[in-house]
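Work through the exercises below with the model open beside you. Try each task before reading its solution.

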Amino acid sequence: MKMSKQNVLVMILLISAILPPPIHSLNLKAGNWGETFQNKKQETETNLQFYFHDTLSGKNPSAIKVAEPVDKTKTYLTQFGNIMMADDPLTETSDPKSKLVGRAQGIYASSCQQEIGLLMSLSYSFVDGPYNGSTFALVGKNPAMNPVREMPVVGGTGLFRMARGYAIAKTHWVDITTGDAIVGYNVTLVHY
């Protein structure tokens, strides 16, 4: 029994419509508005330990106030409403003169009326070793008076592309008068 070229073409089209794509599999969820691709890549876990130096005082501060509440009649011990722009050095040890490994750049704001709580939105950019040129983004609440704080990592670039994870922060030193602080960070990233 001979099949015509047209019948062979129809058979090939039917078989290809039934079989999954050869490169990746596709699952549709919630109707046709979302696609899920199964990725064959392996994830990598990276642990980083460094110190964050936030200096508000002196001739060359690394963080400056860029906004404050308009109504000066209401004052908060928590500095509620203040917004800071930061370009803070990240070093290998707690000594400010130790090796520079990167910078934390972005904004943080006093977002709590009852406690010293900061909304952090910072990009941690690295300049040393194999992580040179790579970044991760941290966005979340930092209850600054807690001895240990956990904040979410929501993305990354370079070696940390598509990163997710968390940062554990512990205050190493703080000057209550100036607000200057050195904070130890232990960061766990999961990325490709």
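**Exercise 1. Find which residues aspartate 128 is in contact with, leaving aside its neighbours within four places in sequence.**

Step 1. Apply the cut-off: contact means heavy atoms within 4.5 Å. Leaving aside neighbours within four places in sequence, aspartate 128 is in contact with Lys99, Leu100 and Val101.

Step 2. Aspartate 128 sits in the loop between β7 (117–126) and β8 (135–143). Strands (E, at least two residues) and helices (H or I, at least four) are DSSP runs, numbered from the N terminus.

Step 3. The C-alpha atoms of aspartate 128 and valine 101 are separated by 5.0 Å. Along the chain these residues are 27 apart.

A note on the source: this is a predicted model, where local features need pLDDT of at least 70, side-chain atom pairs count only at pLDDT 80 or more, and totals for chains, interfaces and linings use all residues. Residues are numbered from 1 along each chain as its sequence is written, and side-chain values use heavy atoms, with hydrogens and water left out.

**Exercise 2. Identify the salt bridge that aspartate 128 forms.**

Step 1. Recall the criterion: a salt bridge is a side-chain nitrogen of Lys or Arg within 4 Å of a carboxyl oxygen of Asp or Glu.

Step 2. Name the partner. Aspartate 128 forms a salt bridge with lysine 99, and the closest N and O atoms are 3.2 Å apart. The pair links distant parts of the chain, 29 residues apart. Lysine 99 lies in the loop between β5 (83–91) and β6 (100–110).

Step 3. Partly exposed falls between buried (under 20% relative accessible area) and exposed (over 50%), with a 1.4 Å probe and protein chains only. Aspartate 128 is partly exposed at 25%. Lysine 99 is partly exposed at 42%.

**Exercise 3. How many salt bridges does a search of the whole structure find? Describe some of them.**

Step 1. The search finds 6.

Step 2. One of them joins glutamate 43 to arginine 164, with the closest N and O atoms 3.0 Å apart. This pair also links distant parts of the chain, 121 residues apart. Glutamate 43 is in the loop between β2 (34–37) and β3 (44–54), and arginine 164 is in strand β10.

Step 3. Glutamate 115 and lysine 141 meet in another, at 2.7 Å from N to O. Glutamate 115 lies in the loop between β6 and β7 and lysine 141 in strand β8, so the pair ties together parts 26 residues apart in sequence.

**Exercise 4. Is aspartate 180 buried or exposed? Find what its side chain reaches.**

Step 1. Aspartate 180 is buried yet has no salt bridge. The nearest side chain of opposite charge, lysine 65, is 13 Å away. Here Lys and Arg count as positive, Asp and Glu as negative; His and the chain ends are not counted.

Step 2. The side chain of aspartate 180 reaches the backbone nitrogen of leucine 56 at 2.7 Å.

Step 3. Locate the residue: aspartate 180 is in the loop between β10 (164–174) and β11 (181–191).

**Exercise 5. Where is arginine 149, and which side chain of opposite charge is nearest?**

Step 1. Arginine 149 is in strand β9 (residues 148–157).

Step 2. Arginine 149 is buried and has no salt bridge. Glutamate 115 is the nearest side chain of opposite charge, 9.4 Å away.

Key
A polar contact is a pair of N or O atoms within 3.5 Å; within protein, one must be able to donate a hydrogen and the other to accept it, and residues adjacent in sequence count only if both atoms are side-chain atoms.
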